[in-house]
Amino acid sequence: MRLTCPFCGSRGVEEFTYRGDATVRRPAGDAGAAAWVDYVYLRDNPAGPHQELWYHGAGCRSWLVVTRDTRTHLISDVRAARAVAQAEREEGAV
Amino acid sequence: MMDARMTSAPVAGAQPRRVAGGNGIDAGRTIRFTFDGRQYTGHPGDTLASALLAHGVRLAGRSFKYHRPRGILSAGPEEPNALVELRTGPRREPNTRATVAELYDGLSAASQNRWPSLAFDALGLNSLFSSVLGAGFYYKTFMWPAAFWEKLYEPMIRRAAGLGRAADEADPDQYEKATAFCDVLVVGSGPAGLAAALAAGRSGARVILCEEDSLTGGRLRAERRQLDGEPAWRWAEQARKALEALPEVRIMERTCVFGTYDGGTYGALERVADHQSQPAKGQPRQRLWRVVARQCVVAAGALERPIVFPGNDTPGVMLAGAVRTYLNRFGVAPGRRAVVYTCNDDGLRTALDLARAGVAVAAIVDSRPEGEGQGAQVAQACGVPFVPGGAVTAVQGRMAVSGVSVRDAQGREQRIACDLLAMSGGWSPNIALTTHQGMRPVYDETLCAFLPAALPPGMVVAGAAAGVFTTAEALRDGAQAGARAAQACGFAAEQPALPEAEPESCAIAPLFHALADVPSARWAKAFVDFQNDVTAKDVALAAREGFVSVEHLKRYTTLGMATDQGKTSNVNAIALLAEITQRPIGQTGTTLIRPPTQPVAIGALAGAHRGRHFKPARLTPTHQWAESQGAVFTANGLWQRAQWYPRPGEMDWLQTVNREVRTVRQAVGFCDVTTLGKIDIQGPDAAEFLERVYVNAWKKLPVGRARYGLMLREDGFAYDDGTTARLGETHYVMTTTTANAGGVMAHLEFCHQWLWPELDVQFISVTDEWAQIAVAGPQARNVLRHVVDPVFDLSNEAFPYMAAGEVTVCGGVQARLFRLSFSGELAYELAVPARYGDALARRLMEVGAPYGIAPYGTEALGVMRIEKGHPAGPELNGQTTAHDLGMGRMLSTRKDFIGRHMAQREALTDPARPTLVGLQPLNPADQVVAGAHLLPDGAAATAASDQGWVSSAAFSPTLGSWIGLGLLSNGPARHGEIVALHNPLAGTVVRARVVSPVFVDPEGARVHG
Amino acid sequence: MVESLFAQPPVSAAPVRAGDTVLVLAPMGEAVSLGAFAGAGRAALVVRVRETFGVDLPEQPRAVPSADGQVVFVWCGPTQWLALAAGDAVEGGLMARLRAACGDLCALTSQSDSRTTLRLFGPQAREVAGRLVPVDLHDAVFGPGHVALTLAGHIPVILRQVARNPVTYEFLVFRSFAESLFHDLHVAMNGALS
Ligand SMILES: [Zn+2]
């Protein structure tokens, strides 16, 4: 499998490490136990496009949000996690 | 009894079956080889199979299960029968297909799976019991008693059903791995592949053309066919030359593309030196390529199907296309009197080629009724008897074909004497590469073949692999596919001018077996899968027992599960199953083919990463110096670290380590601790960031001070620990454990980039930048005074415990000094730029000599940390919490940090959780072993009474006793209690007292000294 | 007081050669990483470097020389660069010059001893590098000035091409890995020659 790092270009998957679901968000400091259990343990397992966090550890050390089809491994989108997180904050602030 | 000489008695030198005109051999040169110890000759360009056939040798091996005599079925990589041991000694390679083993001078091969000799095989008796060795035999027979499996059944089966012998010594050759990139990968260099490569290559696209054979051309070399009025193989050579002249085209012969992987990645194996007796110096035997291609044209051709009839495995029964390959490419006649048995027009060509080469053709048997196909015309052209609507119902001869029984359309049987039966059940497109991603092929009734349907992205299939069987159409199809692939990569591709091909017919009527009306007992000798000895009867039996799914059939009968992956058997098996279950072939199913399509040696997959170079070694800055001191090294992740430094006269490592510990506790020692992860953290929000990743507080840490920090995972369990020093207002340097250095870096980046992008902070590893050396012991300060430049005040007041700062050493070398202690003694860690690490070690030895200095290794380091009760890897095992490690009070309640919420869960704060304690055996000589269970004194060793475990253990020279750290339920409340350390592996129980985990200097006075 | 410590090279082997392709340890020069602070603005750092060094910090995996040729800036990630001094040429030291120029806008960290430079050049250099590095090194894709942060076999490297004639690559590798990478490159050189 290959991933196209937005900074480094197309690379083999051996340069990356997988972390997991990119759709969960860390709860606020005062969130209840249920929110934390959800965040830490509960994951969907969709058949189809899925957003995941990958780390270009052997390259530019960027965390990436990758959209991968879990059935075909087709990668339809790769973004810098930092840009995604920043954009969400700006949206949230509006 | 029979002797090997009775089957074939060639004269060394003479090649009685050689005929003129082999386009792929150099008949002017003769090379020598041996098979089963006998000398033979051949020509450059021969395979082992073609050279053996040239000598009339037809018996090549014994079958897997029944030890039946087997000959050479094919002329290519699909060969299921002629498997040999190639080479000798450490280079001996079993199960090598004689049909692809290129001949070289001095080649040595041996038949396998026979004893004592190929012609007389004692275990050939298996054949007599074949009725009990049928489908599912293993499952049914070796069920009970279970103990018999290991002692009796398995060794017996392995001996009887063995294949070749692996070499007994390590492989002396090198292997290589490499990556290649291209726009268009073309797999196969037959007419379609060559045309595709020309079309794509001429557009300027970067093309890689892979051909698993040693020569390009594919079937163009195997057939007597004309292109533009010239022999077709000449055109193939010209096309190759034209491709060679294109700068962006790379032709890779002897390179098999064996797998399709995600994202346009292909696996290929290049046999760099397999055609030589041994690789040249520095040369790899094989090279594993990962080819990254934007587009791929699969022009892998097709594989001819055998016909299933009784005795179809007798040596001398050969695929018709293979017969033509031996005639036309190798100049070898595989027999003197042949019968051709076919269901299609392509097979008929065999009779023409045989007749032209001077081989007598005794009959053409065509399964199609009279008037269908071109059988009558061909028979007439060769002057050969023709049997339309016929079938071969039996084969005479055991070690080799001596005749066949043929039944005609009217049901009359006759025996025809012959020594060669050329059979063709039609061609199956070689679609393996199209199915590796899970795409299933569909059955085409007209072509009697499975064709690729959906394809992986970027892949096209051309030529015979796509069911396009005539040369003219394959050329056109290939050119189109090549042009389209180049266009998809943005190149303006045109179709190349193609040569004129003669008209040809590939008409076919389905024929998979000739079993109708054959007595069922004879089905047992009608082979479907030659390599795994699966017969038509086995398929029928499996179906009768309910295994009617192809996947079940495969597993129950082992059909298609040999090293040939059923290349010649899968389609026939599906067709048989379809008939038995009365379903159309297309609805009976297919099996998915997995990579690799050809056997790939583990050595090639490992490449250069073997033995000492299995993984890279990271060397510390003092490595060479430590080597010169006779240090014994140990691997710590990738790092090589000095484990201890033996001295002359020391009896064992324990004596050495005890001496090293005593040196630190009583005088001074030093240890290279460079391997601890070091991360430079800078930025306006650096302090805030540390607050969020560590459990404890950081904002109030003054510049010039260090602090111990503990990190949790988000689930509340302990992750890593280390000290972090504040070097400036917005500048920190963090240390991590050696094992987690990379992981903590990724964790910090994760927290920063994903969780808190608003924090302004930067990280970079400085692990390699600094040679960091711990100097520990009561004399540490005195030693350092000789190293650190005198302007820096090292007094306890000026540079107290946990102080950190920049200094210069040895007359101006920039350095960092930290007053940290892992040993519990007065201690420092001195960091100098890595290039000076070696010199610093030497300097410390010099100036420390009057104080009794000695280097110490990781073992002494470990003993001292156990004596001080510091948790390390065995305690930070991913299952322990801060509370378990006695650090529950470190958790700040005034801030958010990673793991805070989950750490507060009831189950994680339960005082009954196993918690860190010290363990001191009542008898100091009783060895404490890590992993022992902790039980109440006198309790039975049951799971119910298990209360924890010993995590770390060592002999403490300071206490003169074995000691341990353990995690014990309610531990801190139980100091003074006696527990049992139960080691079920050794069957020992040691009684020990629960104590504080800090065995030495519990008040911590020494570190402040 | 003159008793300074001797500097030990990171690789003990002498240069090695296979055919006309050569692998050497490049001399140790000063190396400093620049990590842009967000608050002050990455753009401000780019401007400051341009004012001082006469060159734009690369926005892509590239290496660019300063106007005076004394410093090369190597892209190392979306907010990081590695400044490499060409020999001892930088007046007053590279770190001091960077601190004066942009110390307030970015994290400056010495990497002089973190990184070792192995230089590979000659007619087979591309072939050899391609054995270890899973990146497309075709001349049209990866030429002089191009940089790749990647793996050479199992070893993380910053690879850059420094010349086309002869093809010359520099592998910037963590010092502790230098011996291993040197060995792996040497094996690849022999293999590529055959
Ligand atoms: Zn990247």
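How many residue pairs are in polar contact across the interface of chain C and chain A? The rule finds two, both at pLDDT 80 or more, where a polar contact is a pair of N or O atoms within 3.5 Å; within protein, one must be able to donate a hydrogen and the other to accept it, and residues adjacent in sequence count only if both atoms are side-chain atoms. Keep in mind that this is a predicted model, in which local features need pLDDT of at least 70 and side-chain atom pairs count only at pLDDT 80 or more, while totals for chains, interfaces and linings use all residues. Residues are numbered from 1 along each chain as its sequence is written, chains are lettered from A and ligands numbered from 1 in the order in which they are written, and side-chain values use heavy atoms, with hydrogens and water left out.

Let's stay with chains C and A for a moment. Chain C brings 13 residues to the contact and chain A brings 11, contact being heavy atoms within 4.5 Å. The two chains bury about 920 Å² between them, with 56% of it on carbon and sulfur atoms; buried area here is the accessible area (1.4 Å probe) that two parts lose on being put together, summed over both. On the chain C side, Pro78(C), Leu149(C) and Leu151(C) supply 42% of the area buried against chain A, more than any other three residues. There are zero salt bridges between chain C and chain A, a salt bridge being a side-chain nitrogen of Lys or Arg within 4 Å of a carboxyl oxygen of Asp or Glu. β9(C) gives the largest share of the side of chain C that touches chain A, four residues; helices (H or I, at least four residues) and strands (E, at least two) are DSSP runs, numbered from the N terminus. That side of chain C divides into 10 nonpolar, three polar and no charged residues, with Ala, Val, Leu, Ile, Met, Phe, Trp, Tyr, Cys and Pro counted as nonpolar, Asp, Glu, Lys and Arg as charged, and the others, Gly among them, as polar.

Now look inside chain C. It splits into domain 1 (16–27 + 114–192) and domain 2 (29–110), with bounds that come from an automatic or database domain assignment. Nine residues from domain 1 of chain C meet 11 residues from domain 2 of chain C, and the C-alpha centres of these domains lie 24 Å apart. About 810 Å² is buried between domain 1 and domain 2 of chain C, 66% of it from carbon and sulfur atoms. Leu149(C) turns up again here: together with Val147(C) and Arg160(C), Leu149(C) loses the most area on the domain 1 side, 47% of what that side buries. Across this domain interface the rule finds zero salt bridges but four residue pairs in polar contact. β9 (147–152) and β10 (155–164) of chain C are the elements giving two or more residues to the domain 1 side.

Finally, turn to chain B, where 54 residues are in contact with 50 residues of chain C. Chains B and C bury about 4,300 Å² between them, 51% of it on carbon and sulfur atoms. Four salt bridges are counted between chain B and chain C; Arg250(B) forms a salt bridge with Glu127(C), the closest N and O atoms being 3.5 Å apart. The rule also finds 29 residue pairs in polar contact across the interface of chain B and chain C. β8(B) gives the most to the side of chain B that touches chain C, with six residues.
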